[in-house]
Amino acid sequence: MINFNGTIVSEDTNILVENRGFLYGDAVFETVKIVNGKILFLEDHYFRLMSSMRVIRMEIPMNFTMEYLEEQILTLVKNNNIESSSRARITVCRNNGGYYLPQDNTVLFLIKTMPLENKEYSLNGQEYEVDLYKDFYVAKQLLSSIKTTNRLINVTGSIYAHENGLDNCILLNDSKNVVEALQGNVFMLIGGRLITPPVSEGCLNGVMRKQILELAKKIEGIEVFEEIISPFDLQKADELFVTNVIKGIQPITKYRKKEFSVETSKVLVTLLNDSLGLV
């Protein structure tokens with residue numbers, strides 16, 4: 001028997017009792033966007049998931065191919081009648097058993113889908129204000145660059161942003177340099193240089209980050225760099241924006257007393273939609 005939320009019930013009535021993702025954060029995940037029955041950037045998501053599983057020494061099942069993952073996601077999307085535009089999250093955790101040391105490294109997975117309003121990527125024209133979150137810092141290590149289910153910095157940072165009337169916060173690493181935003185990678189345009197922190201600084205190896213690094217090279221007058229960004233650099237920037245696969249590009253319009261242009265963000269959104277055939 002167990003006590004679940006004040007009620008004594010049989011242990012086998014609750015799937016969380018032995019779930020390692022719940023107990024230890026022993027899980028990784030990917031969030032993908034589906035448009036017209038197609039998973040955007042499928043290959044990038046699949047290989048990042050495989051890489052994440054290898055980093056934390058999960059056993060990858062023989063049948064867990066890219067085609068299998070695609071089929072599992074799209075079957076669920078079709079069943080939920082949201083093939084036109086939706087998001088899906090696949091969470092992979094080690095099977096039940098053991099304490100910190102797992103009994104084995106085999107895995108199970110869970111997929112959840114939700115509808116999205118728009119197929120194409122677009123800019124939010126409203127003011128979008130951010131500030132630094134300095135209660136906790138991101139470690140400069142490989143584990144920080146993969147999507148594990150331990151997102152306590154993101155959770156507490158989101159609460160901080162909500163309590164202070166902010167739309168997002170920028171996270172710092174243990175060297176006090178810029179890492180990323182709460183929900184995506186950060187880019188800074190200063191002069192003709194578009195800069196994002198390297199993965200070695202502790203930021204997520206973002207799928208949309210990769211797309212923007214390539215697309216920005218097509219814009220005349222802009223050079224692309226992966227370099228360290230200090231918090232002091234942010235107020236010197238001409239533009240700041242956040243990227244992830246669901247939103248695409250979110251321009252930052254205000255950081256402390258500095259307001260920013262959104263012109264490069266507009267160009268990049270157009271290039272992104274064109275590259276995906278979404279216009």
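Visitor: How are helix 2 and helix 5 oriented to each other?
Guide: This is a predicted model. In the model, helix 2 and helix 5 are oblique to each other. They pack at an angle of about 130°, with their axes 10 Å apart. Oblique applies because angles over 145 degrees count as roughly antiparallel and 65 to 115 as roughly perpendicular.

Visitor: Left-handed or right-handed crossing?
Guide: The crossing of helix 2 and helix 5 is right-handed.

Visitor: Which residues make the contact?
Guide: Helix 2 supplies Asp 44, His 45 and Arg 48. Helix 5 supplies Val 207, Lys 210 and Gln 211.

Visitor: How does that contact of helix 2 with helix 5 divide into nonpolar, polar and charged?
Guide: One residue is nonpolar, two are polar and three are charged.

Visitor: Let's take Gln 211. Buried or exposed?
Guide: Gln 211 counts as buried, because its relative accessibility is 17% and the cut-off for buried is under 20%. Gln 211 sits in helix 5, residues 207–215.

Visitor: What is Gln 211 in contact with, leaving aside neighbours within four places in sequence?
Guide: Phe 41 and Asp 44.

Visitor: How many residues of helix 5 are buried?
Guide: Seven of the nine, so helix 5 is largely enclosed by the rest of the structure. The buried ones are Val 207, Met 208, Arg 209, Gln 211, Ile 212, Leu 213 and Leu 215.

Visitor: And helix 7? What angle does helix 5 make with helix 7?
Guide: About 105°, with the axes 10 Å apart. Helix 5 and helix 7 are therefore roughly perpendicular to each other. Helix 7 covers residues 263–276.

Visitor: Which residues meet there, between helix 5 and helix 7?
Guide: Met 208, Ile 212 and Leu 215 come from helix 5. Leu 268, Leu 271, Leu 272 and Ser 275 come from helix 7. By class, that contact has six nonpolar, one polar and no charged residues.

Visitor: New topic, cores. Which residues of the largest nonpolar core touch the most other members?
Guide: Ile 34, Leu 49, Met 53, Phe 64, Ile 73 and Val 92, out of 24 residues in that core.

Visitor: Which elements give two or more residues to this core?
Guide: Strand 3 (27–35), helix 2, helix 3 (66–79), strand 5 (85–94) and strand 6 (107–115).

Visitor: What does Ile 34 contact, leaving aside neighbours within four places in sequence?
Guide: Its partners include Ile 39, Ile 73, Leu 74, Val 77 and Ala 88. Glu 83 and Arg 87 are also among them.

Visitor: What does a second core include?
Guide: Leu 194, Ile 212, Phe 241 and Leu 268 are included in a second, separate core of 23 residues. Ile 212 and Leu 268 also take part in the meeting of helix 5 and helix 7.

Visitor: On to loops. Where is Gly 184 found?
Guide: In the loop between strand 9 (178–181) and strand 10 (185–190). Gly 184 is buried, with a relative accessible area of 13%. Not counting residues up to four places away in sequence, Gly 184 touches Val 242, Thr 243 and Asn 244.

Visitor: How many Å apart are Gly 184 and Glu 83 in space?
Guide: 24 Å, C-alpha to C-alpha, and 101 residues apart in sequence.

Visitor: Last one. Where is Pro 61 found?
Guide: In the loop between helix 2 and helix 3. Pro 61 counts as partly exposed, at 28% relative accessibility. The C-alpha atoms of Pro 61 and Glu 180 are separated by 32 Å.

Notes. Residues are numbered from 1 along each chain as its sequence is written. This is a predicted model: local features need pLDDT of at least 70, side-chain atom pairs count only at pLDDT 80 or more; totals for chains, interfaces and linings use all residues. Side-chain values use heavy atoms; hydrogens and water are left out. Helices (H or I, at least four residues) and strands (E, at least two) are DSSP runs, numbered from the N terminus. Buried means under 20% relative accessible area, exposed over 50%, partly exposed in between (1.4 Å probe, protein chains only). Contact means heavy atoms within 4.5 Å. Axes are lines fitted to C-alpha atoms, for helices over the stretch in contact, and angles run from 0 to 180 degrees between N-to-C directions. Angles under 35 degrees count as roughly parallel, over 145 as roughly antiparallel, 65 to 115 as roughly perpendicular and the rest as oblique. A crossing is left-handed if the near helix is turned anticlockwise from the far one by less than a right angle, and right-handed if clockwise. Ala, Val, Leu, Ile, Met, Phe, Trp, Tyr, Cys and Pro count as nonpolar, Asp, Glu, Lys and Arg as charged, and the others, Gly among them, as polar. A nonpolar core is a set of buried Ala, Val, Leu, Ile, Met, Phe, Trp, Tyr and Cys residues joined through side-chain atoms within 4.5 Å.
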